[in-house]
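Thanks for coming, everyone. I would like to walk you slowly through one model today, beginning with a pair of helices and then moving on to a sheet.

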Amino acid sequence: MTSSVPRLVVAAPSSGSGKTTVATGLMAAFAARGLAVSPHKVGPDYIDPGYHALATGRVGRNLDAYLCGPELIAPLFLHGARGCDVAVVEGVMGLYDGAAGEGELASTAQVAKLLRAPVVLVVDASSQSRSVAALVHGFASWDPGVRIGGVILNKVGSDRHEELLREALDSSGVPVLGVLRRAPQVDTPSRHLGLVPVAERRAAAVEAVAAMAAQVARGCDLDALEALARSAGAVPAGSAPWTPDRPGGPGPQSPDGLVVAVAGGPAFTFSYAEHAELLAAAGAEVVPFDPLRDEGLPEGTRGLVVGGGFPEVYAGELSANERLRKAVAELAFSGAPVAAECAGLLYLCRELDGQPMCGVLDATARMTDRLTLGYRDAVAVGDSALAAAGTRMRGHEFHRTVVEPGAGAAPAWGVRAPVRRVEGFVQQGVHASYLHTHWASEPGVARRFVERCRTS
């Protein structure tokens with residue numbers, strides 16, 4: 001049964017400990033054993049799920065208790081894990097780190113408890129020996145509701161170093177399930193917003209995932225890790241898989257030729273899988289396109305979704321695709337619904353770092369050295385193709401760009417935290433904002449968007 005899918009959470013004391021290497025490598029190693037692996041990521045991260053998908057052959061999915069609410073964590077997990085033999089959930093930051101000022105909310109620990117999943121703690125042991133026992137003991141005893149089922153020691157320097165670490169942990173009660181030596185070949189390149197996405201380095205990413213799998217298979221006890229996953233039991237009673245269908249309604253509508261184009265390719269890699277599923281359930285034919293390569297929108301496009309990504313990296317190429325820029329502008333000025341988040345917002349501006357963009361919004365965008373990062377509580381200021389006035393959603397900002405002005409005459413959202421402000425643009429059918437939102441938390445936005453596509 002899906003509700004009892006074997007599962008474990010890969011966590012760490014802090015960022016940089018090696019969670020992504022271990023989680024991705026473990027997913028790939030399990031898949032190499034012939035297991036159907038369901039990959040998940042705690043938090044709003046879009047990039048790690050791309051590597052997870054490469055490792056498993058399945059869509060990487062996010063579990064974010066802030067964006068979606070704790071009540072949706074188990075249903076979204078069960079939705080993603082349908083038909084799988086085992087699920088691996090990669091944590092975020094340190095095990096107990098969550099939304100600022102919100103206690104355990106959105107932490108890896110909270111998600112592990114909501115899923116009743118055992119935790120494997122990945123410890124960077126490069127600068128310690130006996131102290132590792134105190135560290136692991138502290139994490140294992142901090143919250144009785146979190147079950148630390150084992151430790152994987154990462155960045156171990158030598159056989160003697162490994163011996164000292166194992167001796168120290170013998171009395172901790174937490175078994176060592178793996179020891180990984182320093183292996184720079186599994187490192188993945190980073191830049192201003194984290195790892196470089198899979199879509200930008202496909203061949204190199206395949207090699208990196210293969211190296212991660214080999215390292216994990218060589219250094220970890222896969223039998224013990226699989227047994228730990230199978231010890232999880234059932235997901236909490238009353239949890240049923242999430243569905244993109246209208247609750248209590250007739251189920252998904254059949255596409256009637258209503259095409260919603262969704263930007264993809266290397267410049268627009270940030271999207272949650274549930275968004276396309278919700279659009280399809282509302283009756284849309286979801287057609288991806290690549291603004292770097294395609295010179296026109298998909299035939300019959302009635303609506304457009306442009307999510308997040310890295311347009312600043314590809315500003316010259318996006319600008320050079322003048323035919324597509326004009327097609328996007330024509331669609332927007334016709335009144336057709338357009339939903340744009342973060343990178344999509346930049347693409348709709350007059351220019352980005354001096355390069356002409358679509359010119360839908362009377363605004364300019366540019367790169368800065370300042371990182372804007374954090375969860376946001378938002379309310380729709382007025383009616384739009386995406387949300388009715390007063391609709392409340394939670395979102396996440398993550399960018400090093402600035403748009404001037406930051407809001408149009410009709411803003412998209414009123415935002416609380418870190419200061420109260422309005423941001424984004426609503427004009428005709430366009431809803432453009434820096435805020436990344438997870439539509440599973442408010443399925444009505446997808447239904448509203450498709451209905452506006454149908455009637456505009």
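Let me start with helix α3, residues 73-80, and helix α4, residues 108-115, which pack with their axes 9 Å apart and at an angle of about 75°. Please keep in mind that this is a predicted model. Angles from 65 to 115 degrees count as roughly perpendicular, and α3 and α4 are therefore roughly perpendicular to each other. On the α3 side the contact is made by I73, A74 and F77, while α4 contributes V111, L114 and L115. If we sort the residues of this contact by class, we find six nonpolar, no polar and no charged ones.

Now to the sheet, which is open and built from six strands in the order β11-β10-β12-β13-β21-β20, with mixed pairing. Why is one side of β11 and of β20 left without a neighbour in the sheet? Because β11, residues 285-289, and β20, residues 425-427, stand at the edges, each having a single partner strand. From one strand to the next, the twist averages 15°.

Helix α13, residues 444-455, lies across β10, β12 and β13, and runs at about 145° to β12.

Note on methods:
Residues numbered from 1 in each chain as written. Predicted model: local features only at pLDDT ≥ 70, side-chain atom pairs only at ≥ 80, totals over all residues. Heavy atoms only, no water. Pairing = 2+ DSSP bridges. Helix = DSSP H or I, 4+ residues; strand = E, 2+ residues; numbered from the N terminus. Axes fitted to C-alpha atoms, helices over the stretch in contact; angles between N-to-C directions. Contact = heavy atoms within 4.5 Å. Parallel < 35°, antiparallel > 145°, perpendicular 65-115°, else oblique. Nonpolar A, V, L, I, M, F, W, Y, C, P; charged D, E, K, R; others polar.
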